[in-house]
Amino acid sequence: MKPPDPLPEGDLLDRALVAKDANPATARKPSTPAPDVPPSLYEEHTTVHPKRIDGRFRRFKWLVMLVTLAIYYGTPWIRWDRGPYAPDQAVLIDLANRRFYMFDIEIWPHEFYFVAGLLIMAGIGLFLVTSAVGRAWCGYACPQTVWTDLFQHVDRFVDGDRNARMRLDKAPWGAGKAARRFWKWTIYLVISFWTGGAWIMYFADAPTLTREFWAGDAAFVAYATVAVLTATTFWLGGFMREQVCVYMCPWPRIQTAMLDEKSLIVTYKHWRGEPRGSLKKSQKNPDTFGDCVDCNQCVAVCPTGIDIREGAQIGCITCALCIDACDKVMKEVGRPRGLIDYATLEDCEREAAGHAPRPVIKTLMHPRTLIYFGVWSAIGVALLFALGSRERTGITVQPDRNPPYMLLSDGSVRNSYTVKLRNMQSRPREMELSIVGLPGATMWTDDMNRDSAARAIVREVAADVALPLRVYVMAPRGSEEQDFSFKVTALDAEGETDSTETAFNAPEAP
Ligand code: SF4
Ligand code: SF4
């Protein structure tokens with residue numbers, strides 16, 4: 001075999017950053033435009049027909065696809081007993097009652113910071129994954145990838161593998177082709193409808209909504225949402241496919257900025273593979289050619305239709321199917337696997353220079369990844385701590401601004417407040433509302449007589465609600481403007497309390 005060409009310094013990194021695209025649909029056509037005629041910005045779409053392949057990454061992709069689809073379609077049907085006063089759906093976004101349920105966790109609107117925290121964790125999690133293993137999210141778990149993969153399996157099921165599909169595409173329209181298209185698009189439509197239908201189940205009790213939906217009794221927004229999601233799934237998964245990744249999604253652009261020479265990416269080891277030549281040629285001239293037998297299998301299996309031998313590029317979603325394809329070819333021709341492999345650009349340079357690659361664990365443990373992991377874990381721990389220590393009793397107080405106070409005929413001063421007692425448990429509870437501070441003051445509410453005014457009143461608060469009360473606080477003649485607190489105490493075994501400070505307004509002393 002010919003020794004590898006020496007690499008100019010930085011060449012590998014340049015290859016990663018310069019997006020060369022071998023997909024005929026997206027490749028820039030060589031052109032020499034006249035000086036004042038701009039090249040066309042339009043590139044005609046060419047359908048990608050990925051070939052069936054088996055291998056360890058393909059099997060991992062199957063696993064991820066089955067798990068993610070099972071989670072998406074199945075989660076709304078999981079029941080979770082929260083007692084008689086709360087819904088029994090394990091994951092539910094109850095917009096009407098402004099609650100988010102997730103198994104034992106119930107998020108109230110004032111606790112939205114938990115959702116914000118989870119979204120921040122998801123964002124940092126994506127950075128973490130990208131820093132450690134490149135575009136693994138795009139290659140395995142992104143919904144666009146998962147549904148495109150599913151639709152490509154439908155293509156194979158109905159039309160056959162790559163060559164059969166390419167032949168059918170080129171064939172003129174006739175009864176056979178029309179029947180196949182009809183059958184295939186019907187399956188697309190069923191999957192798309194099921195996908196849209198599953199989405200709305202997260203927003204209402206799934207069995208009830210299903211019955212209402214088919215009886216025509218569901219809300220208009222449910223039908224509209226299913227229609228929109230059916231159409232977008234059908235179009236994006238069935239027809240747009242890799243074009244979403246290459247042209248529409250911003251994430252590949254962000255990721256190229258986040259990748260560096262320490263990130264794991266799918267790489268063709270050109271120092272080992274080049275110059276490429278067919279098996280016949282390389283057998284005739286054993287020292288002339290590299291390991292690549294130019295069989296094009298890596299291109300044939302690629303779901304975005306690119307040639308990884310052109311270097312790292314924006315169209316590569318790092319699904320690693322080309323690794324499976326090339327490993328299979330290498331096994332058949334009796335050469336070592338890994339001509340295409342997950343590798344960092346730094347390791348590629350080491351390998352090209354004849355050194356052994358670093359162990360994978362060392363590759364994953366670089367400082368940026370560890371920093372992302374540290375931040376991600378810290379937010380996770382803080383959220384868990386906040387979840388574990390939060391009280392299920394709360395109070396909010398809104399004083400009346402106008403008028404700030406009223407002078408009563410006996411000289412006493414009255415202020416009015418809107419108080420909300422929050423019972424965040426899924427059972428009714430008796431709660432005591434009391435005044436802390438403001439000597440001599442008593443209070444009463446709209447539903448009681450002023451004569452029974454007291455420093456503490458008790459109300460039964462239904463399960464999982466915030467009970468609004470109109471509260472009047474009266475302080476004796478001569479009381480001055482001052483701060484005091486309302487305190488709520490749950491009258492049960494746990495005896496949780498919460499309090500909030502507010503102002504008592506009074507006329508200035510003469
Ligand atoms: S080049 Fe390889 S890793 Fe990249 S998208 Fe194509 S098959 Fe997947
Ligand atoms: S599958 Fe491997 S041997 Fe075949 S063309 Fe691709 S890199 Fe070369």
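Phe100 stands opposite Ile107 in strand S3. That pair belongs to an open antiparallel sheet of three strands, ordered S1-S2-S3. The model is predicted. The chain is divided into domain 1 (11-45 + 255-358), domain 2 (56-78 + 142-240) and domain 3 (393-504).

**The three-stranded sheet**

- The edge strands are S1 (91-94) and S3 (105-107), and each of them pairs on one side only.
- From one strand to the next, the twist averages 10°.
- S1 and S2 run antiparallel and are joined by four bridges.
- Across that pairing, Leu92 faces Tyr101 in S2.
- S1 and S2 form a hairpin, with four residues between the strands. Arg98 lies in the turn and has a positive phi of about 55°.
- S2 (residues 99-102) is joined to S3 by three bridges, again in the antiparallel sense.
- Met102 has Ile105 as its bridge partner in S3.
- The hairpin of S2 and S3 has two residues between the strands. Here Phe103 takes a positive phi near 50°.

**The four-stranded sheet**

- Another open sheet holds four strands in the order S11-S9-S13-S14, with antiparallel pairing.
- Six bridges link S9 (residues 429-436) with S13 (residues 482-490), which pair antiparallel.
- Within S13, Val488 is the bridge partner of Leu433.
- Strands of a sheet pair through backbone hydrogen bonds, either parallel or antiparallel.

**Around ligand 1**

- Ligand 1 is surrounded by 14 residues.
- The closest are Cys302, Ile308, Cys316, Cys319 and Cys322.
- By class, this shell has twelve nonpolar and two polar residues, and no charged ones.

**Around ligand 2**

- Ligand 2 has 15 residues around it. Cys292, Cys295, Gln297, Cys298 and Cys326 come nearest.
- Helix H14 (297-300) and helix H15 (321-333) are the elements that give two or more residues to this shell.
- H15 provides the largest share, three residues.
- The shell around ligand 2 divides into ten nonpolar, three polar and two charged residues.

**Annotated spans and domain spacing**

- The unreviewed UniProt entry annotates "transmembrane region" at residues 60-78, 112-133, 185-204, 219-238 and 370-388.
- In the model, residues 219-238 are 95% helix and 0% strand. The end C-alpha atoms of this span are 28 Å apart.
- Residues 370-388 are 100% helix and 0% strand, with end C-alpha atoms 26 Å apart.
- Domain 2 and domain 3 have C-alpha centres 55 Å apart.

- Most residues other than glycine have a negative phi, and most peptide bonds are trans.
- Glu274 and Pro275 are joined by a cis peptide bond, with omega about -5°. Pro275 sits in the loop between helix H12 (270-273) and helix H13 (279-284).
- A cis peptide bond also joins Asn402 and Pro403, where omega is about 0°. Pro403 is in the loop between strand S6 (393-399) and strand S7 (406-407).
- Asn296, a residue other than glycine, has a positive phi near 70°. Its place is the loop between H13 and H14.
- Asn296 has 14 C-beta neighbours inside 10 Å, so Asn296 counts as partly exposed.
- Asp464 also has a positive phi, near 60°, without being glycine. Asp464 lies in the loop between S11 and strand S12 (465-475).
- Asp464 counts as buried because 22 C-beta neighbours lie inside 10 Å. The cut-off for buried is 20 or more.

Definitions and conventions. Residues are numbered from 1 along each chain as its sequence is written. Chains are lettered from A and ligands numbered from 1 in the order in which they are written. This is a predicted model: local features need pLDDT of at least 70, side-chain atom pairs count only at pLDDT 80 or more; totals for chains, interfaces and linings use all residues. UniProt positions are given in the numbering used here, feature names are shortened, and annotations may be inferred rather than shown by experiment. A residue is near a molecule or strand if its C-beta atom, placed from the backbone, lies within 6 Å of it. Ala, Val, Leu, Ile, Met, Phe, Trp, Tyr, Cys and Pro count as nonpolar, Asp, Glu, Lys and Arg as charged, and the others, Gly among them, as polar. Domain bounds come from an automatic or database domain assignment. Two strands pair if DSSP finds at least two bridges between them. Axes are lines fitted to C-alpha atoms, for helices over the stretch in contact, and angles run from 0 to 180 degrees between N-to-C directions. A residue is buried if 20 or more other C-beta atoms lie within 10 Å of its own, exposed if 12 or fewer, and partly exposed in between; C-beta atoms are placed from the backbone.
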